[in-house]
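Have the model open while you read.

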Amino acid sequence: MNLLDKVKPTAFGLDCLPYWVLKLAAPSIALPLAHLFSLSLKQSVVPSQWKISCITPVPKTSQPQTCQQFSPISVTPILSRIKKTPVRRFLYPVLCDQSLFQSFSDQFAFRPSGSTTSALIFLLHQLTNLLEKHDYVHLIALDFSKAFDIVRHCSLLQKMADFRLPDNVYNWLLEFLSDRLHETKFNGLHSHRLSINSSIIQGSGVGRVLFVFNAHDLHPIYPTNLMFKYAEDTYLIIPSSNSHLIPKELAHVGNWASEHNLKLNVEKSVDKRGIVYALSLLSI
């Protein structure tokens with residue numbers, strides 16, 4: 001019932017079940033809904049209605065002329081968004097497992113101990129320490145194009161199989177990502193539904209955490225260089241003594257991205273932001 005009480009005003013999915021109905025009916029439907037959630041996880045079954053997304057293009061400019069000038073907003077049914085038991089009971093403990101500390105220590109989003117505050121503290125701490133020993137530090141901001149939308153389900157599930165998850169939870173994730181459909185809604189018109197085999201399913205209760213697992217194996221080649229992640233925003237921290245290693249590190253990131261169906265946007269990462277923010281921090 002707490003989850004239903006906390007539902008905020010939000011768009012409903014293709015099931016046409018609005019948030020205010022869930023809040024008003026919470027005293028009556030909370031118990032049977034909790035039972036259904038429990039059965040879903042125990043039996044590794046996901047209702048087909050939860051696996052259909054509606055994409056609404058939102059213009060980035062006042063008078064958009066091309067498709068690139070729209071941002072696709074994916075909306076899933078509200079009940080699929082509040083289904084977070086797999087995350088809290090099974091995925092978060094993996095992220096906090098001390099034996100896996102090195103895999104997730106550089107990620108500061110979508111995990112229990114992560115926040116923008118801790119991310120900024122970590123970044124400033126590392127830069128300050130490096131500037132005590134080096135003349136300057138490269139802070140290289142990497143841009144992955146549409147990172148959330150093109151994560152392959154098959155490769156993501158292969159990674160999830162390497163972690164210690166109960167069989168029913170892994171099978172639930174497999175079912176959650178399988179046979180997904182989406183359609184586009186624009187000016188009151190709906191497109192035909194098409195199947196998708198990529199995307200972390202934005203707007204779902206588990207999607208953002210799954211991206212953390214997908215990126216857990218992206219690390220610098222050389223231990224004297226550092227990597228800092230906040231969701232899909234990824235930064236390389238390279239001291240001046242390692243400047244000659246920048247091409248190798250960038251090539252390594254590019255190869256990792258290609259293997260994972262992602263695209264490193266070189267133009268945004270380099271040309272517009274300096275070798276990716278080639279910050280020459282001489283002294284703070």
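Asp217 and Lys159 join their side chains in a salt bridge, with N to O at 2.8 Å (the term covers a side-chain nitrogen of Lys or Arg within 4 Å of a carboxyl oxygen of Asp or Glu). Asp217 sits in the loop between α9 and β7 (226-230) and Lys159 in helix α7, so the bridge ties together parts that are 58 residues apart in sequence. Helices (H or I, at least four residues) and strands (E, at least two) are DSSP runs, numbered from the N terminus.

Before going further: this is a predicted model, in which local features need pLDDT of at least 70 and side-chain atom pairs count only at pLDDT 80 or more, while totals for chains, interfaces and linings use all residues. Residues are numbered from 1 along each chain as its sequence is written, and side-chain values use heavy atoms, with hydrogens and water left out.

How exposed are the two partners? Asp217 has 32% relative accessibility, so it counts as partly exposed, whereas Lys159 has 9% and counts as buried. The cut-offs are under 20% relative accessible area for buried, over 50% for exposed, and in between for partly exposed, using a 1.4 Å probe and protein chains only.

## What covers α7

The buried set is His153, Ser155, Leu156, Leu157, Lys159 and Met160. Among the elements covering these residues are α4, α8, α9 and α10 (246-259), along with strands β4 (180-186) and β6 (194-196). Covering here goes by contact, meaning heavy atoms within 4.5 Å.

## Two more bridges

How many salt bridges does a search of the whole structure find? It finds five. One of them pairs Asp97 with Arg164, whose closest N and O atoms are 2.7 Å apart. This pair also links distant parts of the chain, 67 residues apart: Asp97 is in the loop between α4 and α5 (101-104), and Arg164 is in the loop between α7 (153-160) and α8. Asp97 is partly exposed at 23% relative accessibility, while Arg164 is exposed at 67%.

Glu175 and Lys51 form another bridge, with the closest N and O atoms 3.2 Å apart. Here the sequence separation is 124 residues, from Glu175 in helix α8 (residues 167-177) to Lys51 in the loop between α2 (19-43) and β1 (52-59). Lys51 is buried at 4% relative accessibility, and Glu175 is partly exposed at 26%.

## How α4 meets α9

Two packed helices are described by the angle between their axes and the distance between the axes. For α4 (residues 85-95) and α9 (residues 207-214), the angle is about 25° and the axes are 11 Å apart. That makes the two helices roughly parallel, a label for angles under 35 degrees. Axes are lines fitted to C-alpha atoms, for helices over the stretch in contact, and angles run from 0 to 180 degrees between N-to-C directions.

On the α4 side the contact is made by Val87, Leu91, Tyr92, Val94 and Leu95, and on the α9 side by Val209, Leu210, Val212 and Phe213. What sort of residues are these? The contact divides into nine nonpolar, no polar and no charged (nonpolar being Ala, Val, Leu, Ile, Met, Phe, Trp, Tyr, Cys and Pro; charged being Asp, Glu, Lys and Arg; polar being the others, Gly among them).

## Around Phe70

Phe70 lies in strand β2 (residues 70-75). Setting aside neighbours within four places in sequence, Phe70 is in contact with Pro57, Val58, Pro59, Lys60, Pro64 and Phe186.

Terms used:
Angles under 35 degrees count as roughly parallel, over 145 as roughly antiparallel, 65 to 115 as roughly perpendicular and the rest as oblique.
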